[in-house]
Amino acid sequence: MQKKLVVFLTLLLVVSVFSVVGAQEEVKSPDTFTYVTIGDQSTLDPHFAYDTGSSELIYQVYETLIDYEGESVQDFVPLLSTEVPSQENGLVSEDGTEYTFIIREGVEFSNGNALTPEDVKYSFLRGMVSDRSGGPIWMLYEPLFGAGFAGLSDVTADVVGVEDPKQLTDEQAEEVLAALDEKITIDGNEVTFHLAAPYPPFLNIVAKGASWGSILDKEWSIEQGAWDGTAAEIADAHDPVKEEDPLFDKMMGTGPFILTEWVNGDNVVFRRNDNYWREPANFKTAIIRNVDEWSTRKLMLLRGDADMIYAPTQYRAQVESEEGVTVTTGIPVLQNMNMIFNWDITTEGNNYIGSGEMDGEGIPSDFFEDEDVRKAFSYSFNYQAFLEQVRMGEAIQLRGPIVDPLLGYDENSDVYSLDLEKAEEHFRNAFGGELWETGFTMDLVYNSGNDPRKTAADMLKSYIERINPKFNINVRGVQWSTYLDASVRGTLPASFGGWLADFPDPHNFVQPFLDSAGYYAGRRGDTYKEWAAESGIDDLISEGISTTDPERREEIYKELQQMSIDHAIDLWIDQPTGSNTRRTWVEGWYPNAMRPGVDFYSMDKVAE
Amino acid sequence: MVNYIIRRFLILPFILFGVTVLVFSMIMMLGPYQRLSTYINDPAQLKGQDMDELVSKYGLDDPWYEQYGRWIGGVLQGDFGWSESAGQPVTEAIFSRFPATLELALFAVIPVVMGGIWLGVLSAVHHNQKFDHIIRIVSTVGWSFPTFVFGLMVLMVFYGVLGWFPPGRLGADAAAIVRSAEFIQYTGLNVLDGILNLEFGVVVDSFRHLIGPIVTLAIVWWSYILRITRSSMLETLRKDYIRTARAKGVAEKFVINKHARRNALIPVVTVAGPMVLGLLGGVVIVESVFGYRGIGQYAAQAAQQLDYSGILGVAMYFSFLLILINLIVDVSYAVIDPRIRLE
């Protein structure tokens, strides 16, 4: 008996190890699409959301005025408007400052309320009023009010001289609302946006994929407790705390799906909107499940319980040759990764820079202000090995902040490559030769668990320490909380950064990375800010965003890209490409770099 | 005994208060920007954030006593705060996961404890025989085998190959029934609610999803329980009163089951308490491998994200459980061995 049991168990184990787990011949659950991934969502409020997880949910339920056409991130098709505004069809004014959208008739929200131009106007105004700190709404303020306007507080300061919108009196609030109101006007069935100046990527900002462009049902939103459209409620509705936001866990859109259940971190369930204004979706139910463990996700795909999964690069080989599984790689991703040099390191209480002096035992505050040091670091990184071994070939080298295929990206532009002779030359020139004589000691810090960052730091250490035995770099992994703290305090000599496009335009990359008012300028310190203003970078960026001539824009962005390399502003590492892993029975999937995750509506399940 | 139980419960609020002060103090040792990682838990979220504005918005730079005061003030009104890592209020986060954890614990504890005791007794009775040797080897391997590896093997065999026991808590069809308006969730325990709603498909599906985690937990914990039972049983079987019983001609079955086993159970009860606590506290690895959303996953997530409301809530939950289970263990001693009196 025992022998039989042992034989049975052994057989079972052998079968489990060597068998190709049953590729299901028939389509499993044809009416349900299950996407199994990792991560969670922050909120369901389109004006609060600024993370991919939340945007993925919002994408299924809410709709925008226009959508991207197929895989393109530059061509549009109408969605809730009947035409894509252009100068050719007269819906964009000749000076490029007025965009008119003709609102589609006969569209209903899933509660049966009809879509009206008033809903469209309310949606954008509500976004601009709520404008939570750290949220995405700055993208509406910049085109509508001009450069330097990044939120409601800038408007209140400009209009009534009050910096905190929560402190507005009723009279002041009326003035502020009037200022907002005149930026979006309704004429019959048309909604017109009045921009402060030409803003070429404006259509990208309101296109599908951008949750902040979602159209809400005004009546329903007000019923839920969202901003009621009056001046008196501006202060209360502005900058909500997430848990007190009335639309935090509710959705009401015109889209192909209706949210049924949201258990954050576990699963999200949608049901088909059978009254959808286009053809109803192919699936009655669509599910996003969160499963952190890769092996479990893999088995669910192979058993056919998952139609699509998130498969990290390092594990993908385990499924790509399996029958019934399709893997697509090389998908464009508008994202970059770089190492930001801190030009003005905070020395107080800083244990990442040794002595804080140029004495071989540390580095001074202005270590990376010296262009030779930055260039020497840039020549000491093995880009090719990083792309091949860390990214496993699924990335391309960055040529500055602008990523492929945006305007200004040139695949033949100058880049750095590993060249220790040139690195040595620059190290010898740095600080008038003093650095070469004294040497230096510093820490390169990454947040624990981020293996690509660790490898990048190890690479730099390895090559730089080879150049001069007096050069010492300690690679340190710290908790994310510590990393965040050090980043904010400016104590990290160099830190890793990256940017995922908000909208597919080079401005969205050069502004945060190069502009003196940009996000990463803050991480480089005041010295950089002064330099960026003096070197003409700021002027070029301003010209780039306000010029409608594509050729001039291209020249400007190429120049900025070149400057970022010539001055080694940062160490520009790579732009990853994406992948998709799904059952072969899934049809209709296509990539779009601006889509936050899956688009259930475009897909179907068809027997192989 | 009643007085003893009441006294233990009266101490509870003081212990919980002490725990919160301790945990809060530890969290406050971190600076405001470090604690900001609760709200920004991914480098990708750094874009566009004004850190100082966020620190001020969440009151992270307020004195510690003000922050603690705000939190404890809410607790006294039944509001345990907002859990950023769960994206819901702390009480909701715990209560929404508790039924899953309780269901797993309830169904796991019986086979784990009973199976462990049964195997331990058998092993002791067949001391140094072939069966005993096999059990000892299996238990040593089982105890030293990493849980996640064993869990993955169970998942691979019983789900990947055989398709019997899928991960998660319910399949898509059963989940749709549970979500429907007609299905009343009386307890949140799917098996029980399935029976009460006469939805036996839900009951069967729930069992299919429970067996994988239970088998994994059982193998690991059996090894522990059976070793304790075995050594305790061996010691008991050498006692004079056992020899006397045998000399009097009492049947061997009766000697083992009636005289020896009951007396050998005291150490088992001692270890079973923490084991149940562990099960009710959530089993992070098993929950992760089987995609089973329980309290263990939440506790780990809250700790990782420095979600202090979540951490405090979970700490209070654990403390409450610890006290409750220790009390049950103490009472069990008295039930098993009438010589023990609780004063």
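Which strands of chain A does α3(A) lie across, and at about what angle does α3(A) run to β5(A)? Before the answer, some housekeeping: this is a predicted model, where local features need pLDDT of at least 70, side-chain atom pairs count only at pLDDT 80 or more, and totals for chains, interfaces and linings use all residues. Residues are numbered from 1 along each chain as its sequence is written, while chains are lettered from A and ligands numbered from 1 in the order in which they are written.

**View 1. A three-stranded sheet in chain A with a helix across it.** The helix α3(A) lies across β5 and β6 of chain A and runs at about 175° to β5(A). (Axes are lines fitted to C-alpha atoms, for helices over the stretch in contact, and angles run from 0 to 180 degrees between N-to-C directions. Helices, H or I with at least four residues, and strands, E with at least two, are DSSP runs numbered from the N terminus.) The sheet is open, with strand order β4-β6-β5 and antiparallel pairing; two strands pair if DSSP finds at least two bridges between them. β4 (98-102) and β5 (184-187) of chain A sit at the edges with a single partner strand each, so one side of each has no neighbour in the sheet. On average, neighbouring strands here are turned by 20° against each other, direction ignored. Five bridges tie β4(A) to the antiparallel β6 (residues 190-194) of chain A. Look for Phe101(A), which stands opposite Val191(A) in β6(A).

**View 2. Helix α5 of chain A and its buried face.** In α5 (residues 152-160), the buried residues are Leu152(A), Ser153(A), Val155(A) and Thr156(A). (Buried means 20 or more other C-beta atoms within 10 Å of a residue's own, exposed means 12 or fewer, and partly exposed is in between; C-beta atoms are placed from the backbone.) Seen down the axis of α5(A), they fall within an arc of 160°, so they line one face of the helix; that arc is taken from the directions from the helix axis to the C-beta atoms. Their cover includes α3 (117-130), α4 (138-145) and α6 (170-181) of chain A.

**View 3. Helix α18 of chain A, mostly covered.** Eight of the eight residues of α18 (residues 507-514) are buried, among them His507(A), Phe509(A) and Phe513(A). The buried residues pack against β16 (494-500), α19 (519-524), α20 (526-534), α21 (537-546) and α22 (550-566) of chain A.

**View 4. Ile331(A) and its contacts.** You'll find Ile331(A) in strand β11 (residues 325-332) of chain A. Ile331(A) is partly exposed, with 16 other C-beta atoms within 10 Å. Gly578(A) is 247 residues away along the chain, yet the C-alpha atoms of the pair are separated by 4.6 Å. Leaving aside neighbours within four places in sequence, Ile331(A) is in contact with Thr577(A), Gly578(A), Ser579(A), Asn580(A) and Pro591(A); contact means C-beta atoms, placed from the backbone, within 7 Å.

**View 5. Where chain B touches chain A.** This contact takes 39 residues from chain B and 46 residues from chain A. On the chain B side, α7(B) gives the most, with seven residues.

Technical notes. Two residues are in contact if their C-beta atoms, placed from the backbone, lie within 7 Å.
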